[in-house]
Amino acid sequence: MKQDVLPRLKDLVEVLYREVPSGVGSKGKLRLGPEDERKLLINGAKWAISKGYGDASDLERMESNGCMDGADPSLISARAYERGRAQQGTLGSGNHFLEIQFVDKIYDEQAADSFGLFEGQITVMIHTGSRGFGHQVCTDFLEVMEKAAKKYEITLYDRELACAPFSSPEAQDYLSAMRAAANYAWANRQCIMHWTREAFMQTLSATPGSLGMGLVYDVAHNMAKIEEHTVNGQKRKLIVHRKGATRAFPPGHPELPDVYKRTGQPVLIPGDMGRASYVLVGAEKAMEETFGSSCHGAGRIMSRHQAIRRAKGRAIWRELSDKGIIVRSAGRETLAEEMPEAYKDISNVVDVVHNAGIAKKVVRLRPMGVVKG
Amino acid sequence: MSLEKLRRLDDTRLEVPVDYKPGMRVNGNIYVDRILEKELEASAVEQVANVATLPGIVRASIAMPDIHTGYGFPIGGVAAFDHGSGIISPGGVGYDIN
C-alpha cells in the first residue's frame, strides 16, 4: 500500500537506481557467453527465468508468453551482438524508465479485480526494450530492405518505407531477426523485474510472499506479428505492424491466457513522469477496427531538442519533487527531453481509445518515484 | 499540409481519404478527438497516407491518438498487410524493437 512505501520511497528509488543499470549505452551486470546469448535470443523471458530471474508463473502474464517462436540468432550481425552483449539487463535512456506508482482511481472494479489491482496499491511500471541490439537489427535490415524494394520493384513514396514482399527471403530473414530482438527485450524486462522485486524486498525487509509483487502483464508495442483477423466477414492471415501501438485483445480472444480470457487483455499505457499512467483492457471494437490494437503512451508534442531548449535554466527534478515525485536520472538531458510538457496529456489520449471502444479504462496510476536513463 | 482534406468520421476518428495523395490503396484512419486534432503534426499525417500506398495493405492505415512522426511509419501507427500479397517493413516496427 502507498502508506507503507511512502516513508521509504527515497531509499527505494536509490536502490533501484543502483540495482538497475540505466543511461545511454549503460552496461549491465550480466556477462553472457555465446551459448547463453543464443538461448536468450531463442527463448526470451524463458531464458531469464531458467537463470533464476523471476518465476515461471510470470510467463502466463506476458504477450506471447514472453517469447516469439522462429527467432534465428544466425541472422544477427556481429555489430548487433557487440552492441547487445553488455546491455542485457539494462534500462537504457530516452523514454525508457522504471516507475513506482500507486493506483489512484478505479474505473472498472471487475477488470481491476481480475488484474489484481486495487485503490492505494503500489505498482511498478518498467518501460524498456531491446536496447542497442534491436536498434542495430533495424539498421541492418533497413539496408537489406532498400535493396529488396528495388529488386522487387516496389514503388516507395518515401525511402524510409523500405520493405520487401512478405514471401521473399529478405522479409523472412527480417522477421526472424526481429523476433530475436523481441526475445532480447523480453529477457531484458524479466531481469529488470527480478531486480526490482529484490530491491523492494531488501528496502522494505519483506519476503516475496508478503510483498505480492506479481506481474500484471508484459506487453510489446513495437512489433510485426502474423495474426488471423476477420476482414469483411472473411478470416485472413495478416502481418500486423504495431509501432508505438499496443496489442489490445478483447475478452474471449483465443490467444489470451486463461487468467485473462474472460476479462480481456491488460493494456498498459505509460504517461509522462509528472502526470499519470493507465491500465486499460482490450475491447471488441479493437478487433473490428484496429486489428486488436490500442495506443501505447502519451506521444511527444515537442522534439527532444525543443524540450531541451524549453527546459533551459530549470531544474526539472525539483519541479517534480515539489509535486511529491522523486526522480533519479543518469543524465540531466534525459530529464529535460522527457519533461511532462514534452508530451500530450495522457488523459486525453486514453479518453479517445476509451470512447472509441477499442480499449476501456480500468485504473489510473500516479507516479511517486522514477528512475530514468 | 491540408488538414482540411481530412474528414471527421465521428467524435474519435479522422479519415485521411484515399484521394488525399496519389498511390493510396486504402483510407487512413486517425483516432483523435477535437482536442488532440489540434496537436496533429502535418508530417505524421503525411506518413499515415504514405503507409496506405504500400502493397497488400488491408482495411486502412491506422494511427492512434498518441501519433507523432517516426521513421517512415508514424509512431502510434498500426498497419496490416495480406500474408500473400503484402509486405513487411522495419520502419513499421521501428528501432526500439518489442
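## Reading the model

Residues are numbered from 1 along each chain as its sequence is written, while chains are lettered from A and ligands numbered from 1 in the order in which they are written. Because the model is predicted, local features need pLDDT of at least 70 and side-chain atom pairs count only at pLDDT 80 or more, whereas totals for chains, interfaces and linings use all residues.

The model scores ipTM 0.98 and pTM 0.96.

## Chain A as a whole

Let's start with chain A, which has 15 helices and 11 strands. Helices (H or I, at least four residues) and strands (E, at least two) are DSSP runs, numbered from the N terminus. The radius of gyration of chain A, taken over C-alpha atoms, is 20 Å, close to the 21 Å from the globule rule for 373 residues, so chain A is as compact as a globular protein of that length. That rule is 2.2 Å times the number of residues to the power 0.38.

Along the principal axes, the C-alpha atoms of chain A fill a box of roughly 60 × 45 × 45 Å. Of its 373 residues, 52% count as buried, meaning that 20 or more other C-beta atoms, placed from the backbone, lie within 10 Å of the residue's own. Strand β7 (residues 266-269) of chain A is covered on both faces: A:P266 and A:L268 are buried on one side, A:V267 and A:I269 on the other. This strand runs antiparallel to β8 (residues 277-282) of chain A, joined by 4 bridges; strands pair if DSSP finds at least two bridges between them. In β8(A), A:Y278 is the bridge partner of A:I269.

## Two domains in chain A

Chain A is divided into domain 1 (1-92 + 128-216) and domain 2 (99-121 + 219-315 + 329-373), with bounds from an automatic or database domain assignment. Their centres, taken over C-alpha atoms, are separated by 18 Å.

Where the domains meet, 24 residues of domain 1 are in contact with 24 residues of domain 2; contact means C-beta atoms, placed from the backbone, within 7 Å. On the domain 1 side, α2 (9-19) and α8 of chain A are the elements that give two or more residues, and α2(A) gives the most, with 5 residues.

## Chain B as a whole

Now for chain B, with 1 helix and 6 strands. From the N terminus on, its elements run β-β-β-α-β-β-β. The radius of gyration of chain B is 13 Å, close to the 13 Å that the globule rule gives for 98 residues, so this chain is as compact as a globular protein of that length.

The C-alpha atoms of chain B fill a box of roughly 35 × 30 × 20 Å along the principal axes, and 63% of its 98 residues count as buried.

## Where A meets B

The contact between the chains takes 63 residues from chain A and 48 residues from chain B. Elements of chain A that each supply at least two residues to its side include α7 (131-151), α8 (169-204), β4 (222-231) and β5 (234-243).

A strand pairing also links the chains: β5(A) and β5 (residues 75-82) of chain B pair in the antiparallel sense over 6 bridges. Here, A:R242 has B:V78 in β5(B) as its bridge partner.

Methods
Two residues are in contact if their C-beta atoms, placed from the backbone, lie within 7 Å. A residue is buried if 20 or more other C-beta atoms lie within 10 Å of its own, exposed if 12 or fewer, and partly exposed in between; C-beta atoms are placed from the backbone.
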